[in-house]
Amino acid sequence: MRDVEIVGGKNASLGEMISHLSSAGVAVPGGFATTAAAYREFLGRNGLSERIAGALAELDVDDVDRLADTGRRIRGWIMAAPLPSRLEEEVAGAWKEMSGGADISVAVRSSATAEDLPEASFAGQQETFLNVRGLDNVYARVREVFASLFNDRAIAYRVHQHFGHHQIALSCGIQHMARSDIGTSGVAFTLDTESGFREVVFITASWGLGETVVQGAVNPDEFYVSKRALASGHHPILRRNLGGKSIKMIYDETPGAEHPVRTVDVPESDRLRFSLSDEDVVKLARQAVLIEKHYGCPMDIEWGKDGETGSLFILQARPETVQSRSGRTVQRFTLKGSSRVLTSGRSIGQRIGAGTARVVRNVDEMRRVQAGDVLVTDMTDPDWEPIMKRAAAIVTNRGGRTCHAAIIARELGIAAVVGCGDATETVRDGAEVTVCCAEGDQGFVYEGILNYESQQIELDTLPQIPVDIMMNVGNPDRAFDFAGIPNRGVGLARLEFIINRMIGVHPRALLEFDRLSEELKQTIRIQMAGYADPVGFYVEKLSEGIATIAAAFAPQPVIVRLSDFKTNEYANLIGGREYEPHEENPMLGFRGASRYIDESFRPCFELECRALKKVRDDMGFTNVRIMVPFVRTVGEARRVCELLAANGLERGRNDLQLIMMCELPTNALLAERYLEYFDGMSIGSNDMTQLTLGLDRDSAVIAHLFDERDEAVKAMLHMTIQACRRQGKYIGICGQGPSDHPDLARWLLDEGINSISLNPDTVVETWMFLAGEKV
């Protein structure tokens, strides 16, 4: 890395890894580099330096037409100039040594002397050429790399980042190609790119050469790996998301082919399976962590898997330049309105933007985008950057979390929804739209301009309070983001969200898959694409959701409530109507503990147990505690605890704590007896209020009577809190009440409650209220 001024950031980094990390198992394809001095000599000998400086002196880079004309002229001058004879001779010597006389395939990569610095990312500004063969082609590609320092996007980016054009020189890296064209490739980050959460490695993967992933031409597979589990020797893969992977880039080995690479469709069988095995995901994550440790900062890494040898290679590594610069101030966005959803895709940036949609079909239409517009297009590449900074938000048909549009949106601090598939068809040019990335992993484009709020949180300025503030977190997509809010863990993690959004199929339909109709089987096969068998799909996806939340908040406790769907909610899952009875009042029916111990549902409950056991024992997240909801009798409490123990979740083993949801008057009245089976209680104020006051909380007619602060409800809460305090056991609350009523939170604090679990958007307000300060 001392050689950045000599060979640029990319080549210096490659040399650094080859020199210092090869012995640790980080494999980097070798090669050679031309120097910055060679580039400067090339410009000097041909009188190009003065001509280029003159052409750029008065250029307004925001005038995209003039920018394009100036860039085109400069690149033409460079391509017409001969390489210095000394440079040609030295390249020829290095090529001979590298190839050994064989017909090898190489990548010719650009490496700028100001590239890959933590304070600015010049990555992707210059060209890379793949599958280059023969010395004459290497010479030609070197000249093209030199010319690419004056691409429109590179000129504009330097001006916007306040870098002088003369300050930057180019080196060319000539590097052996890994045969990822017949294998797999992608990008790895040593943090979560959306939230900046540092305890994961985020990996994207797709078939073929990595250019399709970097360019955003495909929606890749995604994997999250826990650094904590990786270090402790546990199973570390938190989540897998299957991408579309519709195309791949391969070598074009047709005799006389005009281009050395071409793009082809991916067979459906390959689209419906993950492009990287669990074993390779773990190997890659280990290499990423080694690289991060060596460099001492979060890293952005490109990798490839050789399809001939099966070996994994690191193709380049640079500092991550967006989230690693984030401070201790967090901005939260909340959508306040709703309307028709025009399209949806992967959310980038956790922000909201609104404006006039500008549907741009190609780069020639870029000038139509005005300040404050929402840019809607198929995909972007670095040529689009001069106008992307005008946009209030970006929407694309193609691309994943590491595509070009996503990277630029993060740098600009704007919302982007990528990989929609149909945005350019469903969003009308000139229509007013709202782009929302504040609802989780999925981003939405809404019709019209909707109201929203933003909140600035100074994370280091919250005062001390005499109670643990925990959070209610059901959506694993938001867990890494929410973990950045001051907290003492998760007081309520609902399994229903994971089952509904990540699985979507009734567990009995998966257990009895072979008995289903062919039509229903096909629907489920699509839902479980990428997973080997129906039951394994349910257990894996459930454990992934739980583990993601557990990893986000570790080592703080995460209290996971067992599934509490009602019959009508279970019936809405795929295949659910085959198995659920009709009930007049599901709220008071077949739910909670009664369901777990029933013979018809017990096999389904055992799948939940398998998932929880995997998260705690195989993945090492012993911060997970288990909460049992809606326990009607002391006998039910005993039977559920016995059933948990029979499925490897015995209270006290491996530090497992069992918590009971206190949400029925019987739980408060007989709290001492229930506590014989549990390590504490968490008050569910919604059902406790409903059942104490004898009202249906879903009824609009009597909704005005629903109040958690009613004296009868508070009497029940008082009994519960004091019973737990007498036995020295945990007592918390996870219902809606404290989120809606800060004065109830104050009362609970005075009662001596251990923790108050709040909705994330109310944490700061309630925290400050309890501290006696205004927000």
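Reader: Hi! Where is serine 110 found?

Author: Serine 110 sits in strand β2, which covers residues 106-112. Strands here are DSSP runs of E with at least two residues, helices are runs of H or I with at least four residues, and both are numbered from the N terminus. One note on the source: this is a predicted model, where local features need pLDDT of at least 70, side-chain atom pairs count only at pLDDT 80 or more, and totals for chains, interfaces and linings use all residues. Residues are numbered from 1 along each chain as its sequence is written, and side-chain values use heavy atoms, with hydrogens and water left out.

Reader: Thanks! Is serine 110 buried or exposed?

Author: Serine 110 is buried, because its relative accessibility is 1%. Buried means under 20% relative accessible area, exposed means over 50%, and partly exposed is in between, using a 1.4 Å probe and protein chains only.

Reader: And what lies 3.2 Å from a polar atom of its side chain?

Author: That is the backbone oxygen of glutamate 127.

Reader: How far apart are serine 110 and methionine 688 in space?

Author: They are 65 Å apart, C-alpha to C-alpha, and 578 residues apart in sequence.

Reader: Which residues of helix α26 are buried?

Author: Helix α26 spans residues 685-693, and its buried residues are Ser685, Asp687, Met688, Thr689 and Gln690.

Reader: What do the buried residues of α26 pack against?

Author: Their partners include the strands β26 (658-662), β27 (680-683) and β28 (730-733). The helices α24 (665-669), α27 (711-727) and α28 (737-740) are partners too.

Reader: What follows α26?

Author: Glycine 694 does, and its phi is positive, near 65 degrees.

Reader: Which residues other than glycine have a positive phi?

Author: Asparagine 654 is one of them, with phi near 55 degrees, and aspartate 655 is another, with phi near 65 degrees. For background, most residues other than glycine have a negative phi, and most peptide bonds are trans.

Reader: Where are those two?

Author: Asparagine 654 is in the loop between α23 (634-646) and β26, and aspartate 655 also lies in the loop between α23 and β26. Asparagine 654 is partly exposed, as its relative accessible area is 35%. Aspartate 655 has 62%, so it counts as exposed.

Reader: Nice. Which residues does a cis peptide bond join?

Author: Alanine 554 and proline 555, with omega at about 5 degrees. Proline 555 is in the loop between α19 (534-553) and β24 (558-561).

Reader: Changing topic: what is threonine 204 in contact with?

Author: Threonine 204 belongs to strand β6, residues 200-207, and is buried, with a relative accessible area of 0%. Leaving aside neighbours within four places in sequence, its contacts (heavy atoms within 4.5 Å) include Ser185, Gly186, Val187, Trp303 and Thr402.

Reader: Zooming out, how many helices and strands are in the protein?

Author: There are 30 helices and 29 strands. The radius of gyration is 29 Å, close to the 28 Å that the globule rule gives for 775 residues, so the protein is as compact as a globular protein of that length. That radius is taken over C-alpha atoms, and the rule is 2.2 Å times the number of residues to the power 0.38.

Reader: How much of the protein is buried?

Author: Buried residues make up 60% of the 775 residues.

Terms used:
Polar contact = N/O pair within 3.5 Å; in protein donor to acceptor, adjacent residues only side chain to side chain.
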